[in-house]
Number of protein chains: 4
Amino acid sequence: MRFLSDNAAAACPEVLAAIVQANEAGAGYDGDRWSARLDDVVGSWLGREARVFAVGTGTAANALALATLCPPYGGVVCEAHAHVVDDECGAVEAMSGGARLCPVAGAHGKLSVPALERFVAVLRGDVHQTPPRALTLSQATESGTAYHPVEVDAIAAFARGRGWRVHMDGARIANACVHLGCAPGELVRGLDALSLGFIKNGGLGAEALVLFDMGLAEELAFRRKRAGQMPSKGRFRAAEILAMIETGAWRRNAAHANAGAARLAVAAGTRLLHPVEANELFVDLRGGAADALRGEGFSFYDWLQDGPGAARLVVAWDTPEPQISALEAALRRLPPL
Amino acid sequence: MRFLSDNAAAACPEVLAAIVQANEAGAGYDGDRWSARLDDVVGSWLGREARVFAVGTGTAANALALATLCPPYGGVVCEAHAHVVDDECGAVEAMSGGARLCPVAGAHGKLSVPALERFVAVLRGDVHQTPPRALTLSQATESGTAYHPVEVDAIAAFARGRGWRVHMDGARIANACVHLGCAPGELVRGLDALSLGFIKNGGLGAEALVLFDMGLAEELAFRRKRAGQMPSKGRFRAAEILAMIETGAWRRNAAHANAGAARLAVAAGTRLLHPVEANELFVDLRGGAADALRGEGFSFYDWLQDGPGAARLVVAWDTPEPQISALEAALRRLPPL
Amino acid sequence: MRFLSDNAAAACPEVLAAIVQANEAGAGYDGDRWSARLDDVVGSWLGREARVFAVGTGTAANALALATLCPPYGGVVCEAHAHVVDDECGAVEAMSGGARLCPVAGAHGKLSVPALERFVAVLRGDVHQTPPRALTLSQATESGTAYHPVEVDAIAAFARGRGWRVHMDGARIANACVHLGCAPGELVRGLDALSLGFIKNGGLGAEALVLFDMGLAEELAFRRKRAGQMPSKGRFRAAEILAMIETGAWRRNAAHANAGAARLAVAAGTRLLHPVEANELFVDLRGGAADALRGEGFSFYDWLQDGPGAARLVVAWDTPEPQISALEAALRRLPPL
Amino acid sequence: MRFLSDNAAAACPEVLAAIVQANEAGAGYDGDRWSARLDDVVGSWLGREARVFAVGTGTAANALALATLCPPYGGVVCEAHAHVVDDECGAVEAMSGGARLCPVAGAHGKLSVPALERFVAVLRGDVHQTPPRALTLSQATESGTAYHPVEVDAIAAFARGRGWRVHMDGARIANACVHLGCAPGELVRGLDALSLGFIKNGGLGAEALVLFDMGLAEELAFRRKRAGQMPSKGRFRAAEILAMIETGAWRRNAAHANAGAARLAVAAGTRLLHPVEANELFVDLRGGAADALRGEGFSFYDWLQDGPGAARLVVAWDTPEPQISALEAALRRLPPL
């Protein structure tokens, strides 16, 4: 019973069907009729004019976006345990030519304007210190929380007021969106670019790098090509993205995962370390609880950054109901801390 | 009737079936049972111990391989019109941290030991000049010719004798292999790394970066991750590669494409610019021939690097027989040059 | 009366004389007779076989050293406010091709084995996280403290035990050495490379990048060239470095500066924020003290990273005695905190 | 008797005097009164508003300029044997994050509009091919010829018409200027940046990177810092540059060197391979002539890129008259080819 990560889930049926249907000879790269619709479909879904580049991983989306938004001598402000910090092996640094991540600690994985104000208060602004030029925030966060649209807007406004570009790592934006009950477009106001994640939510191998600043589109096209992220049979990635949006699979999949996580959150009770606002929960499993759960057949990761005994439990779009119920029961059986 | 490029062909049935079969929840990244077999299956097929990394494009395979084989201050010797030179928008430079491509002109797209000897004869060997540290050769070449195993061995020996690492861009290695009637392993002796291409030959979205120098495997794993080339659902790429090899689709697909090109070559007669040893032909279409063919519904690229009026015709694994026959007839109808 | 920084001091007479004497036509780059002696003179001074590369700034020395010691996908462990973090605008990231600095907070600017143990305890060791591959420590530290040889050895041993390369930013190593009363060689055991600073201590424009791992010498030579750090008239930089060592100016200059700082430290009393073990002191100037001192004509930098009201006072090799005495008296006149 | 290179000459008296005079404690980095005058003095000399950054080598000037003018995915058009191609070990690639040099063969080392037109005629303009974004031309060229202002203007106009930025490697611009009898400003119209060389012409260790596009000044300041090219005692480099211009040493030094080369050119007669328009001559020394000259005590470099038996003879600002006369006589004694 795997609660390790949603990124290892299967692809959902709509995605697989779309790939099968897109299997025809045709124009190479982005010249096909699926790719041709990406800008419109994603743009309409997000309620903003957009230029969409399909890429193969979330790491590629994040790094290409930030390399385009931040000069090589600039800094990218991010939460201290953001995915770009802890889980992408320096992809931002690599693709940007050496830009620096500037971690700012947040509560429950969230950046906030006060934390950003403290960060900038000690900047000198001279040529010797890396100047922040971009900010990235994760939706949902690496602690399983979601930024409310008002929070996104406030952080984006703060950043733009200082001349920083704004990016969102939306690897789990569908989960956040479902939790918040808002339209996707409410989460992307004020962004310059978005890593629009599908893979964790039932996709097969395509993420969408969404650019809102049209003036950077040509540059990003070149950067994507030289990063080896422009497949010759682009129709497959485009079809997958279209299917996720147009069939509504994005919402159904996220809703399933969120609902499972919500049930587990109730069961976890006081062991919860962060609010559960997407499909992940972080729990304190000290006192033998981790071993107990593993002994019952549940697999999950320890999460040391949240302290000794911390663990992460992730519900995927395809986690079977019986497994969720079994874990729910097991959590309830744990002794209080 | 498209003779533009094999890279826009469909995926072959074996590949699509493999993807459907691999669609299960499981371990993320490379932890699945398909990925686990890659080293053995590819290694056996090539007759050498190998470490195999699935990546999303040939550009990624080439650039990651060369970034691992060549230091950032080194040069990569290559044919003057190699794919890394003309068609990858500086991916090698990007991923290597600024290594330089050192083009050496070859006859019919092929490097040769005499040409390499002329190249090295004018090198100074001081610290001011970019020192060559790697060599890459393309199989089949960008001019549609194939290196005989003896040629590969001679070039690799020359390179290794000077301390250069050796890489092969095998985007069309299946076509070369079928043409030469040799075992794949005969083409990779003396290499440090191989970009093992499948996509042009009926794949969907996976190329194999094959490393023969085990000592570089850890480094390449980190480089691949930070290049955004390590998908979380690695099973799909691995399954695709396994299917191409284990079903024999690689050979059948290449044989079809080669046979078509061979027929067109005969029909092209004296208009041929290079020997046809794979699935591409390069023809002199001056005197109105290009317009005539396009007027009959054939699409193809001009190929200015081969001179005014030059064009490239590519037969894919799925180019329909009637289209090949139609082009064959049309070529025969062209007036002599 | 400037207590802003030692890096703006004059060049000492021995250095200027050496430059005048080296002004002859001769061999370019490193082919001259001064450059030819660098390895031996510096190596003897440090008691280790060394390969010495003269460069133009401490930033260049640090970044070239770390780019050579750490792969682009690796991390460089350093103190949280190291010069490479706060004062070099991402030079390490730039020259390394995107390596990441991994800051570890230290007491009074010093890394320690317990702090390093806490840092490594939460590393996962997978391919997704930047793997530390080098460590750099500053001598003297950015807080004006000095590592005792035993401390250097312990940190270096810890690092080497994990396979990390070890570098020292010795921008003020002379000051540390004089304070500790040790031989320079006692401070460099266990290092792979040293940025041997002279400019702050009376030099004009040359720092020595000292490499102890001979196997990296060729690579570093290429990296230095392409970084634009190999001047055609290398004799001037070499002569300057030789003069600093062979005339004993390094010791005399550092001793003057240290002695001044020590007097100021006594005068600062409880306002001191860190032990004074070189030529810098950090003081708490709250309660109007900063304004008072500036009103008397002393210039110095605020030092926000040490808290509100913190300031840095630096004594240079050529700070006039009367100015030191004046500041000493002024500090004594400050009201107690 | 050294005719190897002007880059190994002594520093001229005016430069040395300026350095001695600038030796005072003061503001660090660029805060001193010499640095403060750079923009005005150089700008006035060139007749254009300019922002001037002193750097330590010509390689640094070229690479920083081109890294600022060309995006990492772009190409830098240059003559096939430009210094950036043959003599800087990939500095442009390193500092730009992987931009590519695009060599265009020129006659006698000079780019020309027709050659550029042939180059662009075969560009495809798609995302797969490195797009040229900058052009650099060398004044004087690597073959010892000089671009007339009309030629510079035509090439710059061609480049700007295609959206390329324009840079001049002016390592020997003084020599070109003296030969042409023009004002320096006539050579820099239409440029975005200039590497203004002094070291080969009697400087000690400072080159001026001159930026004409003010909009790039902030970026260049950051890039220079992180390249380790911003010395803490910037006054020394600034003073040197000011002295070269304000004392007229630039002209006197170049005139001496040019005159010597002109005399040698006459003596070389039909052995000359290129017009002599600066301080270098390239000669065909086949038939034992090279050995004969070396046997008489003259040292110089073979110049294989100009063919077998080719050699380069360079006259420096301080090459003694008797040595010039001796070589003149020796050249006259050589048998005709």
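This is a predicted model: local features need pLDDT of at least 70, side-chain atom pairs count only at pLDDT 80 or more; totals for chains, interfaces and linings use all residues.
User: What lies on the buried side of helix 7 of chain B, and how do you know that the buried residues share a side?

Analyst: Val152(B), Ile155(B), Ala156(B), Phe158(B) and Ala159(B) are the buried ones. They cover an arc of only 160° around the axis, so they sit on the same side of helix 7 of chain B. The arc is taken from the directions that run from the helix axis to the C-beta atoms. Their cover includes helix 6 (113-121), strand 4 (132-138) and strand 5 (165-170) of chain B.

User: What makes residues 149-161 of chain B a helix, and how does its reach compare with the expected span?

Analyst: Helices (H or I, at least four residues) and strands (E, at least two) are DSSP runs, numbered from the N terminus. Helix 7 of chain B has 13 residues. The expected span is 1.5 Å times one less than the number of residues, and the helix reaches 18 Å from first C-alpha to last, close to the 18 Å expected. After helix 7 of chain B comes Gly163(B), with a positive phi near 85°.

User: What makes helix 8 of chain B "mostly covered"?

Analyst: Seven of its eight residues, 173-180, are buried. Among them are Ile173(B), Asn175(B), Cys177(B) and His179(B). Strand 5, strand 6 (193-196) and helix 11 (249-268) of chain B are included in what covers them. Gly181(B), with a positive phi near 65°, follows helix 8 of chain B.

User: Why is Phe300(B) called buried?

Analyst: Phe300(B) has 21 other C-beta atoms within 10 Å, so the residue counts as buried. Phe300(B) belongs to the loop between helix 12 (289-295) and strand 9 (301-302) of chain B. Residues are in contact if their C-beta atoms, placed from the backbone, lie within 7 Å. Leaving aside neighbours within four places in sequence, the contacts of Phe300(B) include Phe3(B), Leu4(B) and Ala311(B).

User: Why does Ser232(B) count as buried, and which residues does it touch?

Analyst: Ser232(B) has 21 C-beta neighbours inside 10 Å, so it is buried. Not counting residues up to four places away in sequence, Ser232(B) touches Asn7(A), Ala8(A) and Ile199(A), as well as Gly28(B) and Tyr29(B). Gly28(B) is 204 residues from Ser232(B) along the chain, yet their C-alpha atoms are separated by 5.2 Å.

User: How do you know that chains A and B are related as by a two-fold rotation axis?

Analyst: Chain B can be laid on chain A by a turn of 180° and a shift of 0.0 Å along the axis, with an RMSD of 0.0 Å. The two copies are therefore related as by a two-fold rotation axis. The same surface serves both copies, as 100% of the contact residues of chain B recur in chain A. Copies are superposed by least squares on the C-alpha atoms of residues with pLDDT of at least 70 in both.

User: How many residues make the contact between chains A and B, and of what classes?

Analyst: Each chain is counted in turn: 42 residues from chain B and 42 residues from chain A. On the side of chain B that touches chain A, there are 22 nonpolar, 13 polar and seven charged residues. Here Ala, Val, Leu, Ile, Met, Phe, Trp, Tyr, Cys and Pro count as nonpolar, Asp, Glu, Lys and Arg as charged, and the others, Gly among them, as polar.

User: How confident is the predictor in chain A and in the complex?

Analyst: Chain A averages a pLDDT of 97, and 100% of the residues score at least 70, on a per-residue confidence scale from 0 to 100. The complex is given an ipTM of 0.97 and a pTM of 0.97.

Note on methods
Residues are numbered from 1 along each chain as its sequence is written. Chains are lettered from A and ligands numbered from 1 in the order in which they are written. A residue is buried if 20 or more other C-beta atoms lie within 10 Å of its own, exposed if 12 or fewer, and partly exposed in between; C-beta atoms are placed from the backbone. Two residues are in contact if their C-beta atoms, placed from the backbone, lie within 7 Å.
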